[in-house]
Amino acid sequence: MRLQEEIKELEQRFADAPASRLFLPLADALKRAGELDRAAKLCREGLQRYPDFNSARILLGEALVELGELEEAGTVLQQAASVDGDNKRTSTLLSSIGGKRDEGQVETPAGDGEEDGQAEG
């Protein structure tokens, strides 16, 4: 399925169940499509409803890194690490931020979402 079709389908599913955790797959698809502001907004809203949903916190951190909002990304990812200190994705992102914060440019390592718990439901 093409990404825009996937987004459209996920938007419809989320519209049908706005209080659900369906915001996460939608936010992930938006992030992959480069709609980082929308992805971050969805994660923030979802975390208000589900504050213990660490996969959403990690995705928010990733989007913030890509947006260049390194201070907030660091805070969000530190919160994620405090919940799951063994998460490789979070550790990699935090290391990347720490090493490149002064440069103003952070590369986001490639990942398939499996190891960061995005399969969590």
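In which kind of crossing does H4 pass H5? H4 passes H5 in a left-handed crossing, that is, with the near helix turned anticlockwise from the far one by less than a right angle (right-handed if clockwise).

The views below show a predicted model, in which local features need pLDDT of at least 70 and side-chain atom pairs count only at pLDDT 80 or more, while totals for chains, interfaces and linings use all residues. Residues are numbered from 1 along each chain as its sequence is written, and side-chain values use heavy atoms, with hydrogens and water left out.

**View 1. Overall arrangement of the helices.** The secondary structure of the protein consists of six helices and zero strands; helices (H or I, at least four residues) and strands (E, at least two) are DSSP runs, numbered from the N terminus. The order of elements from the N terminus is α-α-α-α-α-α. Of the 121 residues in the protein, 40% are buried, where buried means under 20% relative accessible area, exposed over 50%, and partly exposed in between (1.4 Å probe, protein chains only). Contact means heavy atoms within 4.5 Å. Among contacts between residues at least 6 apart in sequence, 50% join residues at least 24 apart.

**View 2. The largest nonpolar core.** A nonpolar core is a set of buried Ala, Val, Leu, Ile, Met, Phe, Trp, Tyr and Cys residues joined through side-chain atoms within 4.5 Å. The largest one holds 28 residues, of which Phe 23, Leu 26, Leu 42 and Leu 60 touch the most other members. Two or more residues are given to this core by each of helix H1 (3–16), helix H2 (23–32), helix H3 (36–49), helix H4 (54–67), helix H5 (70–83) and helix H6 (88–100). Leaving aside residues up to four places away in sequence, Leu 26 touches Ile 7, Leu 10, Glu 11, Phe 14 and Leu 42.

**View 3. Helix H2 and its surroundings.** Eight of the ten residues of H2 are buried, so H2 is largely enclosed by the rest of the structure. The buried residues are Phe 23, Leu 24, Leu 26, Ala 27, Asp 28, Ala 29, Leu 30 and Lys 31, and the buried residues of H2 pack against H1, H3 and H4. After H2 comes Gly 34, whose phi is positive, near 85 degrees. In the loop between H2 and H3 lies Ala 33, which is partly exposed, with a relative accessible area of 27%. Ala 33 touches Leu 3, Gln 4 and Ile 7, not counting residues up to four places away in sequence. Ala 33 and Ile 7 are 26 residues apart in sequence and 8.8 Å apart in space, C-alpha to C-alpha.

**View 4. The packing of H2 on H4.** The axes of H2 and H4 come within 10 Å and cross at roughly 20 degrees. This makes H2 roughly parallel to H4. Axes are lines fitted to C-alpha atoms, for helices over the stretch in contact, and angles run from 0 to 180 degrees between N-to-C directions. Angles under 35 degrees count as roughly parallel, over 145 as roughly antiparallel, 65 to 115 as roughly perpendicular and the rest as oblique. The crossing of H2 with H4 is left-handed. From H2, Phe 23, Leu 24, Ala 27, Asp 28 and Lys 31 meet Ser 55, Ala 56, Leu 59, Glu 62, Ala 63 and Glu 66 in H4. By class, this contact comprises six nonpolar, one polar and four charged residues. Here Ala, Val, Leu, Ile, Met, Phe, Trp, Tyr, Cys and Pro count as nonpolar, Asp, Glu, Lys and Arg as charged, and the others, Gly among them, as polar.

**View 5. The packing of H3 on H4.** H3 and H4 pack at an angle of about 150 degrees, with their axes 9 Å apart. H3 is therefore roughly antiparallel to H4. The two helices make a left-handed crossing. H3 contributes Leu 36, Asp 37, Ala 40, Cys 43, Arg 44 and Leu 47 to the contact, and H4 contributes Ala 56, Arg 57, Leu 59, Leu 60, Ala 63, Leu 64, Glu 66 and Leu 67. These residues divide into ten nonpolar, no polar and four charged.

**View 6. Glu 72 in helix H5.** Glu 72 has its place in helix H5 and counts as partly exposed, at 31% relative accessibility. Residues touched by Glu 72, not counting those up to four places away in sequence, are Arg 44 and Leu 64. Glu 72 and Gly 61 are eleven residues apart in sequence and 7.8 Å apart in space, C-alpha to C-alpha. H4 and H5 pack at an angle of about 155 degrees, with their axes 8 Å apart.
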